[in-house]
Amino acid sequence: MDEKELYFRCSAYCATAERCISEVTEKLKKWEADPEVSRQIIQKLVRENYLDEARYSEAFVRDKYRFAKWGKRKISQALYQKRIPELLIREALEKIDPDEYLDILKGLLKQKEKSVKGKTEWEKKSKLIRFAVGRGFDMSDIRKCIGCEEESDYLD
């Protein structure tokens, strides 16, 4: 494919959903584009506002915590893997509404609590904590939602 065709494909790809530079770069590699041509196409896409890492980060964060119900740590890691600059990750995460975030975590824990089995209350809480940590939530937020004020409430 020539540069024009690659640009057309990339612009169409970016127009369907928010994309980041690393995703477009991977597409161009898949299409066997020359590295220099890829660089030029990406620069043009950025100039024409098809690609915007800050906009992408904000949309990614919003979607992952609202719909996938991921915690900040898991979201941050996913953005890091997509080579989003740390500053943009931090700024996007700061835009999360703390009350909505905790409501999502409370809902997740309430739903999970129905299926958690344990002999003691401590065992059930430990399983809920492991579940929430696996979803990427911080211990301080988890403690607020399950009523463990002290670390000794759930650790040996």
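Predicted model: local features only at pLDDT ≥ 70, side-chain atom pairs only at ≥ 80, totals over all residues.
**Helix packing and cores: worked exercises**

Numbering starts from 1 along each chain, and side-chain values use heavy atoms, without hydrogens and water.

**Exercise 1.** Work out how α1 and α2 pack, and which residues make the contact.

*Step 1.* Take the helices, DSSP runs of H or I with at least four residues: α1 is 3-16 and α2 is 21-30.

*Step 2.* Their axes (lines fitted to C-alpha atoms over the stretch in contact) are 11 Å apart, at about 140° on a 0 to 180 degree scale between N-to-C directions. So α1 is oblique to α2, oblique being what is left after under 35 (roughly parallel), over 145 (roughly antiparallel) and 65 to 115 degrees (roughly perpendicular).

*Step 3.* Look for contacts (heavy atoms within 4.5 Å): α1 brings Leu6, Cys10, Tyr13 and Cys14, and α2 brings Glu23, Val24, Lys27 and Leu28.

**Exercise 2.** Find which members of the largest nonpolar core touch the most others.

*Step 1.* Such a core joins buried (under 20% relative accessible area, 1.4 Å probe, protein chains only) Ala, Val, Leu, Ile, Met, Phe, Trp, Tyr and Cys through side-chain atoms within 4.5 Å.

*Step 2.* Among its 29 residues, pick out Val61, Ile75 and Leu79.

*Step 3.* α7 gives the largest share, six residues.

Technical notes
Helix = DSSP H or I, 4+ residues; strand = E, 2+ residues; numbered from the N terminus. Buried < 20%, exposed > 50% of the residue type's maximum accessible area, 1.4 Å probe, protein only.
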